[in-house]
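Please look over the sequence and the fold shown below before reading on. The paragraphs that follow move from the surface to the charged pairs and then to a pocket.

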Amino acid sequence: MKAVQFNEYGGPEVLHVVEIDEPHAGPGQVRIAVRAAGVNPSDWKRRNGQYRDFEEVTFPSGLGVEASGVVDEVGAGVSNVAIGDAVFGFGEGTIAQHAVLTHWAHKPDDLPFDVAAGLPVIVDTATRALDEVGIKSGETLLVSGAAGGIGTAVVQLARLRGVIVIGTASAPKHDYLRELGAIPTPYGPGLAGRLRELVPDGIDAALDLAGSGIIPELIDIVGDPTHVLSVADFSAEEYGAKFSHGPPENPEQIFIDVARLYSEGLFRLHVEQTFPLEQTAQAMEVSAKGRVTGKLIISMD
């Protein structure tokens, strides 16, 4: 089968489409014929070695941690899914024609494969971040970098919890944030002043989704580092803020819930661009520029 792999740390030039043996589902796992796989910043950060201090990578290494597709092999002990079922979820080396999933949920017929492939990372991360930052219904949350994939999920899930959301993004993305239910504001110099005008009573908690070095400013805005959390800046804890990271503990229910919300019209995900397997390196370059609205997807169709 075809898969994307890399044999050394580096830029997009180290990625290659190669022919490898198909993986097989072990106990508690399923294998899918991949229809689509999500692109995440963690993919290119892992490829260029940013995770080497706390994550062991064995070369050659695959790429991708989420996908959607059709089950074609069921591991021992799995009873809630059958061959031919459409599912989406977490796995390893998912940017490939076949992938093994460790956590999954059934995909509703009205949820497209490309959208489903982009959901696992963002909804799991968003749910965990909202739980850990300590924000309640009626309070105000500042989301730095709100128009990306995780931001898309954070804004919508927070609004469903009754949280008021202020989201930073460049001006062209403000309408997108309004559609999701956030109050948009530009990032950059003068943020604290703009927020005082928007929310005179203050900000109760803040999430950093972009890793842009903004943690000290967010702490000043919130006034309490324990209510500031980053999913992208490893230095957050040095300032007394929180750093949230996986692995996921029990994401299946989160997947089931977001699929239901999508079917009910209460959750959406904008797919900005879809790439074929052979253009995975280009997709990573686009992702690394940090200007994606929603998600990028690798399609096997």
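Predicted model: local features only at pLDDT ≥ 70, side-chain atom pairs only at ≥ 80, totals over all residues.

Residues are numbered from 1 along each chain as its sequence is written, and side-chain values use heavy atoms, with hydrogens and water left out.

Leu198 belongs to helix α6 (residues 191-198); helices (H or I, at least four residues) and strands (E, at least two) are DSSP runs, numbered from the N terminus. Together with Ile164 and Ile183, Leu198 forms a nonpolar patch on the surface, with about 220 Å² of accessible area in all three together. Such patches are made of residues with over 30% relative accessible area and no salt bridge, where like charges are joined within 9 Å and nonpolar side chains (Val, Leu, Ile, Met, Phe, Trp, Tyr) within 5 Å, and accessible areas come from the Shrake-Rupley method with a 1.4 Å probe, only the protein chains shown counting as cover for residues.

From the nonpolar patch we turn to charged side chains. Side chains of opposite charge can pair when their charged atoms come close. The structure holds 12 salt bridges, a salt bridge being a side-chain nitrogen of Lys or Arg within 4 Å of a carboxyl oxygen of Asp or Glu. One of them joins Glu278 to Lys2, with the closest N and O atoms 3.7 Å apart. Because Glu278 lies in the loop between β14 (271-276) and α9 (280-288) and Lys2 in strand β1 (residues 2-6), the pair ties together parts that are 276 residues apart in sequence. Glu278 is partly exposed at 49% relative accessibility, and Lys2 is partly exposed as well, with a relative accessible area of 31%.

A salt bridge also links the side chains of Arg31 and Asp72 (2.9 Å, N to O). Arg31 sits in strand β3 (residues 30-39) and Asp72 in strand β5 (residues 66-74), so this pair ties together parts that are 41 residues apart in sequence. Arg31 is buried, with a relative accessible area of 7%, whereas Asp72 counts as partly exposed at 24%. Both residues take part in a network of salt bridges that links Glu22, Arg31, Asp72 and Glu73. Strand β5 also holds Glu66, while Lys295 lies in strand β15 (residues 295-299), so the pair they form ties together parts that are 229 residues apart in sequence. The closest N and O atoms of Lys295 and Glu66 are 2.7 Å apart, and both residues are buried.

Pro60 is found in the loop between α1 (41-47) and β4 (61-62).

Lastly, the second largest pocket has a volume of about 200 Å³. Of the 13 residues that line this pocket, the closest to its centre are Asp124, Arg128, Pro247, Pro248 and Glu249. A pocket is defined on a 1 Å grid over the protein atoms alone, as an open set of points where a 1.4 Å probe fits, with protein on both sides within 12 Å along at least five of seven lines, and lining residues have an atom within 4 Å of a point. Helix α3 (residues 119-133) gives the most to the lining, with five residues.

Note on methods: Points joined across faces, edges and corners; volume = space filled by probe spheres on them. Buried < 20%, exposed > 50% of the residue type's maximum accessible area, 1.4 Å probe, protein only.
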